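Me: I am new to this structure. Could you walk me through it?

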Amino acid sequence: MTLGLVVGKFYPPHRGHKHLIETARRGCDRLVVMVPHHPSQTISGALRLAWLQEIHPDCEIHLVPDELGDDVEEWSRFTVGHLGRAPDVVFSSEGYGPRFAGFLGCRHVMVDRDRVAFPVSGTAIRAAPVEHLQWLEPCVRAYFVRRVVLIGAESTGKTTLARMLAARFQTVWVEEFGREYWQAKLTEGAPPDGPSPAPAAGGRSSAEAEAELAARAAALEWTSDEFRHIAAEQQRREDELARVANRVLLCDTNAFATATWHERYIGHRDAAVDAIGRCDRVHLYLLAYPDFPFVQDGWRDGESVRDAMHARFLHQLGALAVPVVNLRGPLDARLADASAAIDALLAKPFDP
């Protein structure tokens, strides 16, 4: 059985690395990909390991300490000790490859050293990742896409803005799963995309429609498990769409906000919902202010809680390290301010 070896930091893995590993896999019976990692690297070894395992499930991905610098001879001795024997062939795209293989006493195969097939490097990607997304596999791409979350109380234009911003930046946006779940719950399992009740149908005032909705909502019982499901599904959808987003992903709320709605309906925080919210990677929050008329669309909780919910979000966001841009005024002003904030975010060096 021919044992092949590829060594690299894959910092991060890109299409050139994929070409190297796939070429190597076709050239041997068993392929080990050895990934040196060091705590100083901003992209953890564990994350690179997970990416490579997803991209190359037919290879053995080994994470090893990066403690030998550029000493090729020392790396050859380490490799033999780690594998239990020397490989039969080393595949590389770097100048050190032939010397490394020589110390191991095995054959060497050079793959696209001049980067003709894939003119990209990990250094270039780290310097400007959103400009090089075309060279990344979906799981890696999702890490570098900037995530922008619209957050705030009801009827503050979040959904409309998310849709408009996605069009403006030619990308995708994540809809609010909690609203979908709420609609299904209020209609006792009716399809979430079914017709919404008209707030003032039959001569009712909006106040009467809100009172009716409030009565129906008050009769419902909520559990922490439901909010855990909502938060987990919101996060899953966000992570899924990040794989295909163009530079930036717009999110109409997130799991962090779900935790605050848990507090609103259950009366206290939930550690499990909070934990899901803490896992979300957010690069910018856009906080929509409740400074224009409330519109009752037949599903919303009600104007009476809007100011209180806004105050709660404002307080919680103040405790985070994530930048927050406040959106006030009419929709066109909010769109302009949000667009400027996203442009500035995309122009900044990437901060994982």
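Me: What am I looking at, and how are residues numbered?
Reply: This is a predicted model, in which local features need pLDDT of at least 70 and side-chain atom pairs count only at pLDDT 80 or more, while totals for chains, interfaces and linings use all residues. Residues are numbered from 1 along each chain as its sequence is written, and side-chain values use heavy atoms, leaving out hydrogens and water.

Me: How many helices and strands are there in the protein?
Reply: The protein has 14 helices and ten strands, taken as DSSP runs (helices H or I, at least four residues; strands E, at least two) and numbered from the N terminus.

Me: What share of the residues is buried?
Reply: Of the 352 residues, 48% are buried, meaning under 20% relative accessible area with a 1.4 Å probe, protein chains only.

Me: Now the helices. At what angle do α10 and α11 pack?
Reply: Helix α10 (residues 224-242) and helix α11 (residues 255-266) pack at about 165°, with axes 9 Å apart; axes are lines fitted to C-alpha atoms over the stretch in contact, and angles run from 0 to 180 degrees between N-to-C directions. The two are therefore roughly antiparallel, the term for angles over 145 degrees.

Me: Which residues of α10 meet α11?
Reply: S224, F227, I230, A231, Q234 and Q235 in α10 do so, with contact meaning heavy atoms within 4.5 Å.

Me: And how do α7 and α14 cross?
Reply: The axes of α7 (residues 158-168) and α14 (residues 331-347) come within 10 Å and cross at roughly 50°.

Notes:
Buried means under 20% relative accessible area, exposed over 50%, partly exposed in between (1.4 Å probe, protein chains only). Angles under 35 degrees count as roughly parallel, over 145 as roughly antiparallel, 65 to 115 as roughly perpendicular and the rest as oblique.
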